[in-house]
Amino acid sequence: MSLARRALPEDAGELLRLRQIMLDAIRGGGPTDWHTESLPTLRERLGAADGDFAAFVVDHPDRPGALAALVAGTLEYRIGRAGNPHGRVGHVFSVATDPDVRRRGYARACMEELLGWFREQGAGHVLLNASPEAEPLYASLGFTRDPDPSMRLLL
């Protein structure tokens, strides 16, 4: 039995808190005023068990009602290709662990559940962006560096 479980709509506030921890680590802090506007949409998505979004969490061992770790991902359709004829691609994002409970295997437990969900959904491959600190975890799960360049346009 895994430590991780599928996130529920009532976990939405804690998911935003953990996501903010991850964003702060990447960007050195930032605003949180977007949480209020994001909360209803996140609750709705967490309640749609048959959708293209899934989040897995571990409950905090010392703080009832709080979460220790989070991993979220989406399933996307792209036109098929060799190696992925059905065109289903998983995207992992928002991998976060509360600082006071790191190095206990919580993120790994969440990742394993999410990867299982991607397999059940028929994903041909899974993509993620890795920080240098997290790369050993992902490599141990079978991820490799992708040589394709990435670009971004903010709309």
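Buried means under 20% relative accessible area, exposed means over 50%, and partly exposed lies in between (1.4 Å probe, protein chains only). This is a predicted model, in which local features need pLDDT of at least 70, side-chain atom pairs count only at pLDDT 80 or more, and totals for chains, interfaces and linings use all residues. Residues are numbered from 1 along each chain as its sequence is written, and side-chain values use heavy atoms, with hydrogens and water left out.

Start inside. In soluble globular proteins, nonpolar side chains tend to be buried together. A nonpolar core is a set of buried Ala, Val, Leu, Ile, Met, Phe, Trp, Tyr and Cys residues joined through side-chain atoms within 4.5 Å. Here the largest has 25 residues. Met111, Leu114 and Phe118 have the most contacts inside it. Helix H3 gives the most to this core, with 9 residues. Another core lies apart from it, with 18 residues, including Leu23 and Ala72.

Now turn to charge. A salt bridge puts a side-chain nitrogen of Lys or Arg within 4 Å of a carboxyl oxygen of Asp or Glu. The whole structure holds 9 of them. One joins Asp11 to Arg5, with the closest N and O atoms 2.8 Å apart. Asp11 is buried, at 9% relative accessible area. Arg5 is partly exposed, at 25%.

Arg45 and Asp52 form another, at 2.3 Å from N to O. Arg45 is partly exposed at 33% relative accessible area, and Asp52 is partly exposed at 36%. Glu135 also pairs with Arg145 through a salt bridge (2.8 Å, N to O). Glu135 is partly exposed, at 30% relative accessible area, whereas Arg145 is exposed, at 57%.

Technical notes:
Helix = DSSP H or I, 4+ residues; strand = E, 2+ residues; numbered from the N terminus.
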